[in-house]
Amino acid sequence: KPDWWTQLPIFEEISKDEAEARYQLPLKDGQWIRCIVVTMEDLDFDLLKRHAYVETVIPQENGKYAVYPFGNYPLDYPTDAPSQVRLITRTVKGRIGYYDENAAKSNRLHIIQSDPKTPDEGKEIMELIRQDVVEAIGGNHTFQLFVESCACWSQKIIVAAEGKTAPNLFIMPVKEMHPTNKKT
């Protein structure tokens with residue numbers, strides 16, 4: 001179905017005022033919002049404590065906005081040291097998660113880069129996500145920490161939909177970096 005996401009449970013439903021405040025955008029009637037969201041547990045450089053996902057916010061007939069967060073993950077998430085090393089050195093089978101569990105993690109810092117979209121632009125993003133979901137169901141979606149990671153996937157979806165470079169929220173100028181694990 002062209003509007004396949006309507007078959008999913010809505011992760012969250014918010015008012016227009018809440019959407020404008022959360023995503024820091026003035027919204028025109030009918031506009032969608034696309035977001036790249038980065039979450040992190042702390043400010044160190046532990047890659048396994050960082051994540052990125054795509055969130056699409058869609059106006060509903062009742063005047064509210066439905067929030068749909070999708071993320072890219074390894075099919076079997078690494079839970080021990082050997083599997084974590086394999087994740088760094090190998091490409092593994094991947095999956096697209098809905099709802100992305102990080103959207104509900106209040107112990108993480110959330111950084112959002114949002115942009116208003118027309119319904120057609122929003123539907124293009126959802127179509128690209130749908131294609132990757134179908135690919136993952138067929139066992140043909142991959143995950144690799146440095147090449148096909150959650151951040152790379154999020155950026156790939158937005159670049160494919162918008163035809164321009166999406167922001168990379170994991171890049172920071174060296175002069176803005178501050179060590180957080182100082183030896184005392």
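Me: What does "buried" mean for a residue?

Reply: Buried means under 20% relative accessible area, exposed over 50%, and partly exposed in between, with a 1.4 Å probe and protein chains only. This is a predicted model, in which local features need pLDDT of at least 70, side-chain atom pairs count only at pLDDT 80 or more, and totals for chains, interfaces and linings use all residues. Residues are numbered from 1 along each chain as its sequence is written, and side-chain values use heavy atoms, leaving out hydrogens and water. Here, buried residues make up 38% of the 184 residues in the protein chain.

Me: Is Asn 72 buried or exposed?

Reply: Asn 72 has a relative accessible area of 1%, so Asn 72 is buried.

Me: Which element holds Asn 72?

Reply: Helices (H or I, at least four residues) and strands (E, at least two) are DSSP runs, numbered from the N terminus. Asn 72 belongs to strand β4, residues 65-74. The protein chain has four helices and seven strands, in the order β-α-β-β-β-α-β-β-α-β-α from the N terminus.

Me: Which side chain makes a polar contact with the side chain of Asn 72?

Reply: A polar contact is a pair of N or O atoms within 3.5 Å; within protein, one must be able to donate a hydrogen and the other to accept it, and residues adjacent in sequence count only if both atoms are side-chain atoms. The side chain of His 141 is joined to that of Asn 72 at 2.7 Å. A polar atom of the Asn 72 side chain also lies 3.3 Å from the backbone oxygen of Ser 149.
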